[in-house]
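Hello,

Here is the structure we talked about handing over. Please open it alongside this note.

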Amino acid sequence: MSVALNFRMAKRLTGGRVLLWSLLGRLPNAMSPIGTLLLVSRNTGSVWSGSLVAGALAGGQAIGGPIVGRLADRRGQRTVGLVAALTNAAALVVLVAASERGLALGWQVAPAALTGLSVPLVGPLSRSRWVRLAAGEPELTSALLSLDGIVDEVSFTAGPALVGVLATAASPAVGLLTAAALAGVCAVLFALHPTAAPGVPAPSHPQNRSAGRLLSTPYVLLLAGTALLGACFGSVQVGITATTEALGRPGTAGLVYGFMGCTSSIAGIATASMPARRGLPGRLRASSALLFAASCVLFPAGGSLAALAAAIGLLGVAVAPQIITMFGLVERTVPAARLGEAMATLVSALILAQSAGTFLAGWAAERIGPGAAFAVTSAAAATALVLTLCTATDRRYRRRAVGTRS
């Protein structure tokens with residue numbers, strides 16, 4: 001099914017404007033980690049300090065994501081999304097002020113953690129919203145989730161690139177303040193859109209609780225795979241930052257990382273144009289193999305900016321198919337009433353592992369050298385490949401036969 005047809009179906013269901021708010025509302029999540037890393041690293045003169053504060057932000061996202069998702073599923077996306085977006089914007093402003101004034105690292109870690117805890121979850125809640133609007137039609141659900149995956153990739157591309165441009169033209173602080181403005185306006189508009197899910201109270205009957213159980217073997221495996229992908233993201237961010245600093249071009253870090261999002265977006269469009277409901281486990285295995293192969297190219301690419309960008313671009317080709325496929329598989333494996341929480345938890349697994357990857361890669365880059373950060377990337381990609389080859393089968397990820405979902 002073509003991307004244009006998917007867009008027309010989405011516009012028919014929502015009027016189209018929610019796609020714009022969804023895209024712009026996701027940008028702060030893509031801008032904040034690399035923006036925080038650049039801001040604190042520049043103001044302290046230490047990549048390790050930047051990694052510490054960025055890791056606190058990511059850790060807050062890992063904890064806050066499932067909580068916000070669960071509250072949104074239970075109490076509705078409108079109120080929960082509004083409070084989260086406004087808190088997120090305020091925390092980003094405080095983080096910039098603390099870093100620019102040179103306050104102790106603890107005073108920078110605290111607002112960074114609050115920024116993560118209050119993440120508006122525009123991406124996961126958007127996917128949950130699409131599934132609800134599709135009303136159980138499998139083909140329509142797959143088409144809308146594919147379209148949402150492209151929106152994710154565009155934000156993933158534009159966020160770091162925008163931070164890179166603003167850091168080069170002005171300063172990283174301007175990038176984070178822009179993220180705060182987008183959260184305070186666009187994420188709020190997304191939360192208040194009429195398509196926002198009203199929420200479903202928790203079932204009181206024990207049998208209904210059992211039917212609504214979130215954790216299952218397929219879902220846990222997807223959590224593990226997403227976490228390993230997050231470790232790749234975190235270590236790549238640090239590796240790019242450390243390598244560009246070693247090359248004397250620190251302001252290009254956001255642009256290089258954004259190039260990975262650019263190639264990932266192209267791969268995402270290609271993925272969305274394929275039959276989305278056929279061969280998802282096979283796609284996951286193939287994209288995992290490509291991710292590992294691309295991670296190995298990072299090692300010899302640190303000698304020049306062009307070689308680094310090419311290697312990062314190749315890595316991006318594997319990212320979108322993995323993300324789109326894993327979210328598609330989640331829709332098959334969890335109860336519909338807990339889909340927002342499930343999507344948020346998947347993102348939190350990615351963010352938590354991204355935080356761990358950031359910490360570990362920052363330590364390695366500080367003590368061994370820039371290329372050591374990419375060793376963390378390759379190790380995580382190798383583990384993801386082994387896990388996927390051993391577990392991603394059509395039998396394990398059969399569509400749930402619950403209600404209207406055949």
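Buried means under 20% relative accessible area, exposed means over 50%, and partly exposed lies in between (1.4 Å probe, protein chains only). By that scale L71 is partly exposed, at 34% relative accessibility. L71 is found in helix α3. Helices here are DSSP runs (H or I, at least four residues), numbered from the N terminus.

Some ground rules. The model is predicted: local features need pLDDT of at least 70, side-chain atom pairs count only at pLDDT 80 or more, and totals for chains, interfaces and linings use all residues. Residues are numbered from 1 along each chain as its sequence is written, and side-chain values use heavy atoms, with hydrogens and water left out.

**Nonpolar patch**

L71 belongs to a nonpolar surface patch of about 430 Å², together with I63, I67, L114 and L117. Helices α3 (47-75) and α5 (105-117) each give two or more residues to this patch. The most come from α3, with 3 residues. Patch members have over 30% relative accessible area and no salt bridge; nonpolar side chains (Val, Leu, Ile, Met, Phe, Trp, Tyr) are joined within 5 Å, like charges within 9 Å. Areas come from the Shrake-Rupley method with a 1.4 Å probe; for residues, only the protein chains shown count as cover.

**Salt bridge**

How many salt bridges (Lys or Arg side-chain nitrogen within 4 Å of an Asp or Glu carboxyl oxygen) does a search of the whole structure find? It finds 1. R42 pairs with E100, and their closest N and O atoms are 2.9 Å apart. R42 lies in helix α2 (residues 17-44) and E100 in helix α4 (residues 77-100), so the pair ties together parts 58 residues apart in sequence. R42 is partly exposed at 43% relative accessible area, and E100 is partly exposed at 41%.

Best wishes
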